[in-house]
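Have the model open as you read.

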Amino acid sequence: MNTRIILVLCFTQIFISCSRDSILDYGETNNPNGNDPIVENSLTDEELMDLTQKETFKYFWDFANSSSGAAKERYHPNDPTLNQNVVTTGGTGFGLMAILVGIERGFVTRAEGTARLNKILTFFENAGRFHGAWPHWIDGDTGHVIPFGTKDNGGDLVETAFLVQGLICVKEYFKNGSTEEKALSALADNLWKGVEWNWYTQNQDVLYWHWSPNYGFDINFKLVGYNETLISYVLAAASPDYNITKVAYEKGWASSGSIVSSVTQYGYPLILTHAEGSDFGGPLFFSHYSFLGLNPKNLTDQYANYWSLVVNHTKINRQYCISNPKNYVDYGLNCWGLTASYSRNSDGSMGYSAHSPSNDLGIISPTAAISSIPYTTTESLAAMHFFYSKKDKLLGPAGFYDAFSPQNNYWVAEAYLAIDQGPQIIMIENYRTGLLWNLFMQNQDVQNGLIKLGFNY
């Protein structure tokens with residue numbers, strides 16, 4: 001079971017459509033229900049991207065954990081002290097990248113950004129590590145692990161990979177700067193190079209997600225198949241001191257080639273078999289988290305053209321919403337996007353679910369369409385204009401709220417998650433300037449890892 005799906009259980013314990021005009025046509029099947037609302041707002045595309053990035057940035061700046069400066073797992077404006085010390089490792093990796101965007105966009109000064117990044121990296125330097133990997137959750141005051149589950153109280157390799165993706169971007173961004181900036185760059189470089197990726201193979205030809213000081217590898221979750229874990233293999237191969245073999249990638253992640261899929265939906269080949277086995281593709285975060293730094297353009301190996309992979313995954317997800325087999329209100333040409341996010345329980349309370357075509361609960365997650373903007377630019381911008389047209393409901397103090405349900409009278413999850421807010425600001429920037437893609441892909445260790453695994457880029 002995917003860890004994002006395991007989140008459903010964790011959040012249960014914690015908690016005891018759509019374009020600037022309705023005639024946009026992208027050469028795909030029209031919405032059979034004819035329920036695409038007319039959307040009118042005065043913002044240009046550029047103004048809307050500016051606004052979305054600036055407002056989303058606040059999650060990682062204004063609403064960060066006060067002690068560490070790192071990203072909180074969640075932020076609920078109506079209950080701002082909720083889990084205020086729960087720092088997320090992966091979400092902080094996204095936050096590092098978001099702060100670089102904030103510097104470039106002038107949301108903060110370079111000096112302010114450098115100081116905050118120093119604070120965050122110093123916190124992670126002193127936080128608990130498990131054979132180099134950080135845990136999923138960390139106490140922002142003490143740096144000690146907060147268990148994500150009974151046996152999940154140690155190293156989380158995938159969350160660590162998301163953090164490392166951000167560390168490498170920080171390293172590259174500041175490496176030619178002032179003396180202070182070069183020191184920050186060196187710290188980022190040293191931190192990521194301390195991850196013992198090969199320890200997490202158990203001497204097998206595959207990476208394992210978790211290790212606990214109490215339970216060892218009891219969770220026994222292998223990183224196999226297309227989901228959010230590709231970045232873990234790239235970084236593990238890139239590590240100068242703790243690298244894995246190409247065979248681990250081939251036999252592990254790619255399952256000796258059986259990862260390749262022959263399935264086609266709506267005329268779009270799925271290309272790779274998605275974890276959990278859906279023939280319509282998994283939640284859209286599968287095509288976001290690994291590719292915040294790893295640029296899928298021109299990225300190929302023996303298994304896939306990764307640009308075609310992420311574009312097709314997005315278009316299948318959108319086309320499913322257009323087809324709308326469950327006849328949900330306002331699903332359509334531009335009101336689309338199914339991914340893991342907060343969700344609406346049957347009793348109207350807030351929960352969590354990994355939404356996808358095979359788990360469609362009538363919940364639209366703005367991050368799904370927004371973070372896909374490099375892949376489906378016109379369609380994603382149309383969705384953003386729709387979300388903004390509903391700004392009185394959907395736009396809160398840190399960007400668009402995490403999820404909403406047109407089916408249920410526009411019920412809104414008035415809350416935020418780091419792993420949903422981060423990809424929005426990052427992927428908009430990758431579409432606009434390629435900033436994070438350029439930083440990550442220019443790193444020599446990353447290039448070495450890609451070559452080792454047989455990638456062309």
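## H3 against H13

In this predicted model, H3 and H13 cross in a left-handed way. Their axes sit 9 Å apart and the packing angle is about 40 degrees.

From H3 (residues 89-105), the contact takes in Gly91, Phe94, Met97, Ala98, Val101 and Arg105.

## H7 against H15

Next up is the pair H7 (residues 230-238) and H15 (residues 444-453), with axes 7 Å apart and an angle of about 105 degrees. H7 and H15 are therefore roughly perpendicular to each other.

H7 puts in Tyr233, Val234, Ala237 and Ala238, which meet Asp445, Val446, Gly449, Leu450, Lys452 and Leu453 of H15. That contact splits into seven nonpolar, one polar and two charged residues.

## The largest cavity

How much space lies in the largest cavity? About 40 Å³. Its lining is made of Phe60, Gly69, Ala70, Ala71, Thr92, Gly95, Leu96, Ile99 and Ile120.

H3 turns up again here: helix H3 supplies the largest share of that lining, four residues. By class, the lining of the largest cavity has six nonpolar residues, three polar and no charged ones.

Notes:
Residues are numbered from 1 along each chain as its sequence is written. This is a predicted model: local features need pLDDT of at least 70, side-chain atom pairs count only at pLDDT 80 or more; totals for chains, interfaces and linings use all residues. Side-chain values use heavy atoms; hydrogens and water are left out. On a 1 Å grid over the protein atoms alone, a cavity is a set of points where a 1.4 Å probe fits but cannot get out, and a pocket is an open set with protein on both sides within 12 Å along at least five of seven lines; lining residues have an atom within 4 Å of a point. Grid points are joined across faces, edges and corners, and a volume is the space filled by probe spheres set on the points. Helices (H or I, at least four residues) and strands (E, at least two) are DSSP runs, numbered from the N terminus. Ala, Val, Leu, Ile, Met, Phe, Trp, Tyr, Cys and Pro count as nonpolar, Asp, Glu, Lys and Arg as charged, and the others, Gly among them, as polar. Axes are lines fitted to C-alpha atoms, for helices over the stretch in contact, and angles run from 0 to 180 degrees between N-to-C directions. A crossing is left-handed if the near helix is turned anticlockwise from the far one by less than a right angle, and right-handed if clockwise. Contact means heavy atoms within 4.5 Å. Angles under 35 degrees count as roughly parallel, over 145 as roughly antiparallel, 65 to 115 as roughly perpendicular and the rest as oblique.
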